[in-house]
Amino acid sequence: MSANVQPITPLTLTAYTLVTANGRGVGPVLQALRGRRSGLKPCDFEDVTLKTYIGRVEGLEDFSLGNELERFDCRNNRLAWLGLQQDGFMVAVAEAKQRYGAHRVAVVMGTSTSGILETEHAYQARDLAGSLPAWYTSRYRYTHNMFSLGHFVQVCLGLRGPAMVVSTACSSSAKVFATADRLLRAGLCDAAIVGGVDSLCLTTLYGFSALQLLSTGPCRPCDEDRDGLSLGEAAGFALLESSERVSRRGAVALLGYGESTDGYHMSHPHPEGAGAIRAIRDALARAGLRPEDIEYVNLHGTATKANDSVEDKAVYSMFGARPACSSTKGWTGHTLGAAGITEAVISALCLTEGLIPGTLNCARVDPWLKSRILRENQSGSLSCVASNIFGFGGNNCSLILGKL
Amino acid sequence: MMKVAIQGIGLLAPGLAGWETGRAVLAGHGSFQPGEMPDPEAALLPPNERRRSSDCVRWAVQVAQEAIAQSGLDPREVPTVFASSGGEMGVLDTLCRTLATPERVISPTLFHQSVHNTPSGYWGIATTCQQSSTALSCYDDSFAAGLLEAVTFVHVEQRPLLLVAYDLAVPAPLNEARPIAAGFAVALVLAPLSDAALATMQLHLTETDQEPASHLQDLALEQVRLGNPAARSLPLLKALATGGSERVIVSLLESQQLLLDIDSCRH
């Protein structure tokens, strides 16, 4: 595809925010990165008895969405709501709405499981005839349906532009940047709210357990003894505007993106990383950059045997052993459909703070990995970062962020 | 303003099995007789993949392969967009039943088939396509959102794209929450303007809501349109079946509409 790919105008991240197991807002995330404190703890989600660690966001059980938002009330939308409240994000969106009008601001969200936890609870509460409870059926549209998150964010922010939810498993909230860029370039909106939310549920906990992909301890990306992933949950959002309209020296911008599929298997990555290589190559082409311009690669780095070794092949073939590489999943866990926005915001923080986080929980780098995997944090000025996200269905996305 | 060519069409629904049949019915050359639920072969799927595949996968692949065949394009060169309100509702029903048992032993295959991009993944496996593929949802307006994403992609990237919209009948008891009684799947190959087009389509996104969304005169077909999110494509399909020039209006959420100016090409 690269032959057809043209450089894009960078998109300024006018505002961004993130809630993970490390805390609410970018401040606690940065502190955790600097202090090398993981958000992963032994699984204490509902009555789950799996021996694994999770990155659970504190406090989601202790409040509910009230008033006109009540119909949206579910774990996923509570987490979305918490995310929207942080880092002055609502104020920045209100300003964009003022500048452009509610119809000219798009909402493109990513999630993999939306509010499925509601459906899981409803199936446990079926009556003797097998019918689902009324509290659930009347609210399915606002909770579990895949569009629920997009609808909820649009209502919370009072926006009336194009809205949709991208759901391509783990790559969901990376691909929202690509969709938003297309909407902006086609002139269908002047600004876009991108982001993603995924929350803990039984489906993913027992599903990844069935696939034997859950680590029994905190995940250890790139470690020679890595034994699987840890699930986490997160909400992250960014306000995107063309850098031709909103440009501030030093502001973080999306420089490029690449999307691809493996065309190989539903849950195993392509053995040579062919799809991943395509995604990275197209991201570089859209950014108008060469591989040597990338200083840090935020790996997908789930800590499964297969992902980390195949991703290493792809990254090494594109970049060699030059850029620093690390996975931040040891802090947050794998937040699935929210992984794209989680790691995009972390990449933005790395750029603004001059921080390269070393891979947490990686005691000894797998000697088979050829990329330059960092174990300890480093500091120093950064101007270009690549972030990889790969998901089920062989769906890949690579983002390049930099400073204007 | 964005204008694209339509180069291939695929269709599958009760009484509308394939574009040739569907076109005759929608053009008024035959009566609409819903009859039995189709059981598509989706011949492009390798036999072992077809055996394990969900209904969504077979319906989506069936219409996708029909549209791609008509376009004459190599599927490995064509990016895709899959639009569905709820995706794999049948798989989710099975998973949630199992998760309500004390043991919670779920099938790993069923788990990776539960994602919204399952048909996208199987299409990639069947064709070995490695192009970009997006799966999205916009509840009842999923077809409109998919069409917007697809036309925008063709417009800004200047390359063909395959759009597939589908929603299948929802099994009990999940149908109490989302009553969709019959499946519907449609596929369109969209491309930059060229001589090979069946029709051209100009898309205009508007915030005004003065005119109602297009509907169908035939009451039975109108019931199909209202009963399945993917069937919101029917007024567009009817315009393509009838030929000539026509404006079709499709709702996108309460606040916006897609104005589609269809112009059939006569060769």
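Reader: What's the mean pLDDT of chain B, and what % of its residues reach 70 or more?
Author: The mean is 96, and 99% of the residues of chain B reach 70 or more; pLDDT is the predictor's confidence in each residue, from 0 to 100. This is a predicted model, where local features need pLDDT of at least 70, side-chain atom pairs count only at pLDDT 80 or more, and totals for chains, interfaces and linings use all residues. Residues are numbered from 1 along each chain as its sequence is written, and chains are lettered from A.

Reader: And what ipTM does the predictor give the complex?
Author: The ipTM is 0.98, and the pTM is 0.98.

Reader: OK, how many residues of chain A are in contact with chain B?
Author: 57 residues of chain A are in contact with 57 of chain B, contact being C-beta atoms, placed from the backbone, within 7 Å.

Reader: Which strand of chain B do bridges join to E6(A)?
Author: Strand E3 of chain B, residues 133-137, is joined to E6(A) by 2 bridges, and they run antiparallel. Strands here are DSSP runs of at least two residues, numbered from the N terminus, and two strands pair if DSSP finds at least two bridges between them. A:Val166 stands opposite B:Leu136 there.

Reader: Switching topic: is B:Val189 buried or exposed?
Author: B:Val189 is buried, because 29 other C-beta atoms lie within 10 Å; buried takes 20 or more, exposed 12 or fewer, and partly exposed is in between, with C-beta atoms placed from the backbone. B:Val189 sits in strand E5 of chain B, residues 184-191.

Reader: What does B:Val189 touch?
Author: Not counting residues up to four places away in sequence, its contacts include B:Gln7, B:Ile68 and B:Leu162.

Definitions and conventions:
Two residues are in contact if their C-beta atoms, placed from the backbone, lie within 7 Å. Helices (H or I, at least four residues) and strands (E, at least two) are DSSP runs, numbered from the N terminus.
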